[in-house]
Amino acid sequence: MIELTSQKDAALAAISGADTLDALEEQRVGALGKKGWVSLALKTLGQMSPEERSEAAPAIQAIRAEVADAIAAKRQALEAAELEAQLASETLDLTLPAPDMLSGSVHPVSQVMDELAEIFADLGFAVATGPEIEDDWHNFTALNMDESHPARAMHDTFYFPDKAADGGQSASSSEAVGQKRMLLRTHTSPVQIRSMKEQGAPIRLIAPGRVYRSDSDATHTPMFHQVEGLVIDKDIHLGHLKWTLETFFKAFFEREDITLRLRPSYFPFTEPSVEVDVGYSNEGDRRVVGGHGDEQGYDWMELGGSGMVNRRVLEFAGIDPDEYQGFAFGLGIDRIAMLKYGMNDLRAFFDGDPRWLAHYGFSPFDQPTLSAGVGARA
Ligand code: DAH
């Protein structure tokens, strides 16, 4: 016991003399660590007789508490002194200019999707979304492309490896079979089916989003963006379609002198089907939508597909084609973004080069608003 008391006195002196946190830590380990003298003393209690122990234990515990308290107090003092010294030595020059901060920008595709939503919102269209991992019933069958339809082959589809049926959650048997085959949606048209099944008619929506095809060259990327449009009501006809697209293009390209041409075409999901062409002019070496064409008149560029929704599609989606009819359209978002903002390389859209984004991106603080209109940008 006498020995412990003198060890304690020596330790307390060393603790109070420690002038760094490291030195203090050394004292702590020497006393309270696993092999520290206090811990070793505590271990001797096990070999003592009960009488001896009841006398020695409180004394050793008291020593332990005293040493631990001294260390804690010293640690606080050392830490406070360290902070004090740091504050005294550091100065902050508030007059220095702040370093340049990198700020992000909005990708032109996101910008154009926002613009689309704004313009179509003014026309009473809601925005709908659907899964990018789709089943072939929604992507093809319900859009009037059954298994043997040649249009399926034209879509360069990314299929997932076949897997077992999911228990046939769906209502119709053809739908249940179709759901076995999963794919990356090749167009936004399956959102038509999902929305009609969910909401019924009447319906008025756009569905912008990513689509995928196994195709890659200067003008095709395996992932690209489309916007789908769908209007179903009683008495909707092609005139509504033409007016809607014309009104959209005028608002989007921010000019009145825009001419549309609907050219007969074929899509399995529309009947009749039309290709949507827009007149363009050459300004220098740039093609711009609208204007007065050249001496020969307009040149036309194709911006999308469209038509009156095929009654088979309405039936697949659970809508009575004798009561309701309507139109649908699909436009390439990347294409119209390139035209509007003068970008000429599609692949650069998805390279993720920050220099390209800094150049073509948009300030997040200048987003279109309903009140200011999409043209109200600095
Ligand atoms: N889904 C078609 C495609 O990706 C585009 C399309 C054409 C959509 C006509 C439509 C439409 O809604 O009516 O090639």
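Of the 378 residues of the protein, 41% are buried, that is, under 20% relative accessible area with a 1.4 Å probe and protein chains only. The structure is a predicted model in which local features need pLDDT of at least 70 and side-chain atom pairs pLDDT 80 or more, whereas totals for chains, interfaces and linings use all residues. Numbering runs from 1 along each chain as its sequence is written, and side-chain values use heavy atoms, without hydrogens and water.

The protein has 13 helices and 10 strands, taken as DSSP runs (H or I, at least four residues; E, at least two) numbered from the N terminus. Among contacts (heavy atoms within 4.5 Å) with a separation of 6 or more, 68% join residues 24 or more positions apart.

Pockets are open sets of points on a 1 Å grid over the protein atoms alone, with protein on both sides within 12 Å along at least five of seven lines; lining residues have an atom within 4 Å of a point. A volume is the space filled by probe spheres set on the points, the probe being 1.4 Å.

| Pocket | Volume | Lining by class |
|---|---|---|
| Largest | about 1100 Å³ | 15 nonpolar, 15 polar and 9 charged residues |

The largest pocket has a volume of about 1100 Å³; of its 39 lining residues, Arg213, Phe224, Gln226, Glu302 and Gly332 are the closest to its centre. Elements giving two or more residues to this lining include β5 (223–233), β9 (299–309) and α12 (333–341). In the second largest pocket, α12 provides the largest share of the lining, 3 residues.

Key: Buried < 20%, exposed > 50% of the residue type's maximum accessible area, 1.4 Å probe, protein only. Nonpolar A, V, L, I, M, F, W, Y, C, P; charged D, E, K, R; others polar.
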